[in-house]
Amino acid sequence: MKYPYFPGCTLYTKAKKLDDAGRECSRRLGFELDELPDWTCCGATFPLVNDYHIAMSGPTRILADTKDQGGSQLVTLCSVCFNVLKRTNVVMRTDEERRQKITDFIERDYHGEVEVLHYLQVLRDEIGFEQLREKVVKPLTDLKVACYYGCLLLRPVKEIGLDVMENPTIFEDFVRALGAEPVDFPYKIECCGAFQVVHSMETATRCSRDILANARLNGADLVITTCPLCHFNLDDRQPEIRKGDPRFQTVPVLYFTQLLALALGLDAAELGFERNLIDPLPLLREKGLA
Amino acid sequence: MKTRISREQVQDDFINKVAEISGENFFNCYQCGNCSAGCPSVDEMDLLPSQVVRYLQLGLADEVKNCRSMWVCAACTMCHARCPKGVDISRIMDALRMLNLREPKAAARVDVTDFTPEYLERAPQIAMISGYRKFLPL
Amino acid sequence: MGEVTELKGQQPACQTDDGAGATCACAAAGGLEDLYSVPVDRRVMVIGGGICGITAAIDLGNADYRVVMVERLPSVGGRMLQLSETFPTLDCAQCTLTPRTVESGQHPHVTLKTCCEVVGLSGEPGNFRVRVRQNKTYVDWSKCTGCGTCIQKCPTKSYALFERDAGRMTAIYTLSPQAVPNKPVIDADRCRYLTKGKCGVCAKVCPVDAIDYEQQESYFEVEVGAIIVATGFDVYDWKTKMPELGGGRLPDVIDGLTFERYLSASGPTAGRMVRPSDGVEPKEIVFIQCAGSRNPELHKSYCSKVCCMYTAKHARLYKHKVHDGQVYIFYIDIRSTGKGYEQFIQQSVSEEGIIYLRGRAAKVFQEGKKIMVQGADTLTGKKIEIAADLVVVAAALVPNEGAEELAEILGLTCNKDGFFVEEDYKLSPVDSGSRGIFIAGCCQGIKDIADTVAQGSAAASKAQVFLSTIRRQKKQAV
């Protein structure tokens with residue numbers, strides 16, 4: 001199976017490891033991520049005011065390109081891109097007036113034909129977690145994982161529709177398929193502070209601290225995420241959090257594709273953990289996974 | 001200090017503009033406070049999210065125009081997800097930000113030169129782009 | 001043991017159905033002789049044996065009508081049987097209810113048909129033919145003396161709906177020691193013999209061989225002139241629908257009806273205030289009002305009406321048991337419009353030191369042994385966090401299970417929330433819109449006991465008016 005794939009800007013640079021592992025795993029699982037040619041940035045925010053059409057021109061062009069190249073689906077790995085493309089697509093499908101304005105402006109014919117999918121959905125709905133379990137070569141036994149969803153993978157539920165809002169389980173089911181143990185983690189849907197990290201650093205620090213402390217309290221060895229912005233907040237804020245609270249126990253933060261890659265037999269040394277501030281390798285060695 | 005409210009104020013142009021571009025009817029809100037109870041940014045806010053809506057209901061435009069809350073909202077949309085009346089406060093906050101940033105003499109809320117090279121080397125593009133969209137004049 | 005021996009050989013207390021008589025429409029019904037001693041236009045069926053149905057039945061019986069009361073549970077009393085004390089007077093619910101349940105059981109003109117459900121309706125107003133299913137009890141009540149030995153000896157003690165999360169019940173049980181009728185039934189889902197084929201203790205110890213594991217359900221038909229529907233309410237399924245409140249995964253987050261069982265002197269803890277997880281007395285307790293109510297976007301749009309009052313009552317009863325405990329109540333508005341209700345609320349605040357926090361609670365979760373509650377107090381403009389020992393959610397109240405199916409059978413209309421629609425909310429509140437069928441109590445809309453009882457009496461009165469009209473028409477026709 002071949003899926004048109006939109007990596008997005010961050011996955012080409014700062015979150016290259018999210019992309020690399022995702023692509024390698026897809027090969028091992030028997031599906032192909034076919035990168036869209038000449039893609040542009042998705043805009044990184046879905047405009048929440050209804051008179052800011054220009055912000056939707058980028059994501060609409062991406063969706064129209066997908067359609068023109070014969071794609072009926074578009075897969076993303078990054079939560080931000082996923083959210084922006086998915087919500088833009090909802091506008092294309094449900095708001096004729098705005099759709100027309102935007103498509104006229106970019107001179108494209110698009111009516112929301114493409115289905116925007118997150119990689120996790122491909123694993124759940126197309127591959128199947130049971131089949132995934134069978135392909136695991138190195139089960140992540142004894143590994144306790146806090147599945148951090150954050151905001152953009154879930155909300156708004158009516159538009160995103162990936163899982164239920166208050167207690168989603170897709171990530172936990174994924175982790176179980178890899179042989180690891182998901183922990184019950186009440187902060188899994190709380191915000192990490194998102195873009196406030198460029199404006200109100202204390203918001204991002206406090207939010208990240210609450211999430212990480214809650215993960216630790218519930219016995220997590222590590223936290224996984226789908227989002228490079230969440231990853232940045234959760235990983236990079238830890239030295240600062242520790243300064244404020246010496247009792248704070250650091251937690252490694254991994255991309256879900258890195259965890260998947262480990263279970264599918266990739267060597268931990270190839271997964272690019274050198275960029276992590278909180279190095280997961282000691283933990284992975286201790287668990288016999290590296 | 002007493003606050004006088006009036007028809008002109010409740011039906012103020014700015015208030016109407018916020019309603020228009022956010023697409024939200026402030027009068028759907030019955031002030032249960034669920035949004036404030038679940039908001040991650042409350043510590044940095046001067047008005048609770050529910051209070052922002054209350055000020056808009058009463059037409060207290062100046063207080064809302066100058067509030068800090070809109071700038072520290074992370075657009076996580078938890079307020080909307082849990083609102084019993086379906087009010088999307090993240091849209092209202094974005095409308096307030098946008099109207100502010102569209103002012104002719106709007107000030108940038110972040111200064112790119114403040115970021116250290118180390119920070120810029122680490123921060124993902126999505127952080128910078130979404131940040132600029134929320135904090136720089138249009 | 002002496003008692004058991006003494007009971008042996010005694011005649012069964014219940015009458016058998018063999019001599020039901022020529023007037024009885026169906027032999028299986030049994031015990032309907034009194035009902036059939038009068039013409040059909042003097043007979044009324046009451047569906048639901050809660051305080052509403054009981055009130056209607058007694059009123060009608062006293063007016064010399066003949067009543068058959070159909071109740072799904074093994075005994076009458078309804079939700080009120082689960083309550084501890086009632087607002088605004090703090091009377092013991094059992095103490096006020098029991099005289100009424102006993103009266104309904106002993107009334108010469110009221111026939112109880114428990115473990116029964118209405119499954120069909122034919123005929124016409126003034127001459128209805130109602131088909132009733134007698135569900136399996138696994139106990140031959142015509143033999144059973146109600147000695148209770150089977151209950152004492154039953155080895156199974158497990159979760160039972162009646163006790164909610166507060167305690168366990170034996171698999172053969174009565175709903176209370178004063179149950180009317182005081183005959184046990186077996187819960188087939190929990191009984192060892194019926195699920196695994198092993199045990200049979202109750203059959204062995206029964207002195208009159210009343211246990212009948214092979215019992216089948218049966219059907220009978222009753223002819224009545226009018227029907228009163230009083231099927232009551234249930235608690236909204238907050239455990240699956242509201243994961244933000246712990247979704248039933250946190251043992252120390254319970255709903256108000258469960259809390260009633262903890263408070264009740266006849267409940268599983270004999271009224272001792274403990275929390276479910278570890279049996280420790282909770283010192284900080286949080287009540288969350290409007291859980292699922294007043295929420296058109298995600299849950300129920302209506303106000304469940306009784307939560308403000310029962311939460312204040314819960315808070316006070318808790319303080320009476322735990323003097324040094326602290327109570328917090330998250331509320332949006334206080335609705336205390338009944339007689340003496342506002343005074344009750346004021347007294348709760350000023351005399352019991354209960355802290356009302358004006359805002360909704362967004363989320364609760366476990367942290368160690370505490371339940372963390374995240375809420376807001378819009379009066380101070382603060383986001384509030386409380387580390388509680390126990391959290392009680394005033395979950396929305398909804399029509400009882402099966403109300404929509406019953407509406408289908410009886411030709412009633414339900415609103416979008418499943419409550420029966422009245423002919424006119426203000427002027428004909430207990431008329432269903434179907435002639436000869438009346439609705440009363442919480443099945444029409446959530447209301448407190450006082451209003452429920454008033455509607456029960458109203459429905460009884462309207463049923464009499466209807467039947468006398470029918471009689472007059474018949475006379476004129478002749």
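**Close-up 1. The salt bridge between B:Lys134 and B:Asp94.**
B:Lys134 pairs with B:Asp94, and their closest N and O atoms are 3.1 Å apart. A salt bridge here is a side-chain nitrogen of Lys or Arg within 4 Å of a carboxyl oxygen of Asp or Glu. The rule finds one salt bridge across the interface of domain 1 of chain B and domain 2 of chain B. The model is predicted: local features need pLDDT of at least 70, side-chain atom pairs count only at pLDDT 80 or more, and totals for chains, interfaces and linings use all residues. Residues are numbered from 1 along each chain as its sequence is written, chains are lettered from A and ligands numbered from 1 in the order in which they are written, and side-chain values use heavy atoms, with hydrogens and water left out.

**Close-up 2. Domain 1 against domain 2 in chain B.**
Domain 1 spans 7-106 and domain 2 spans 107-138 of chain B; the bounds come from an automatic or database domain assignment. Their C-alpha centres lie 24 Å apart. Eight residues from domain 1 of chain B and nine residues from domain 2 of chain B make the contact (heavy atoms within 4.5 Å). The two domains bury about 800 Å² between them, 59% of it on carbon and sulfur atoms. Buried area is the accessible area (1.4 Å probe) that two parts lose on being put together, summed over both. On the domain 1 side, B:Trp71, B:Leu101 and B:Ala106 lose the most area, together 62% of what that side buries.

Helices (H or I, at least four residues) and strands (E, at least two) are DSSP runs, numbered from the N terminus. That side divides into four nonpolar, no polar and four charged residues. Nonpolar covers Ala, Val, Leu, Ile, Met, Phe, Trp, Tyr, Cys and Pro; charged covers Asp, Glu, Lys and Arg; the others, Gly among them, count as polar.

**Close-up 3. Chain C on chain B.**
Here 20 residues of chain C contact 20 residues of chain B. The chains bury about 1,400 Å² between them, 55% of it on carbon and sulfur atoms. C:Arg360, C:Ala362 and C:Lys383 lose the most area in chain C, together 35% of what that side buries. Strands E19 (361-367), E20 (370-377) and E21 (382-388) of chain C each give two or more residues to the side that touches chain B.

**Close-up 4. Chain B on chain A.**
Each chain supplies 47 residues to the contact. The buried area is about 4,100 Å², of which carbon and sulfur atoms give 57%. B:Arg122, B:Ile126 and B:Arg133 supply 19% of the area that chain B buries against chain A, more than any other three residues. Seven salt bridges are counted between the chains. B:Glu44 forms a salt bridge with A:Arg206, with the closest N and O atoms 2.5 Å apart. The rule also finds 24 residue pairs in polar contact. Helix H10 (125-135) of chain B gives the largest share of the chain B side, 10 residues.

Terms used:
A polar contact is a pair of N or O atoms within 3.5 Å; within protein, one must be able to donate a hydrogen and the other to accept it, and residues adjacent in sequence count only if both atoms are side-chain atoms.
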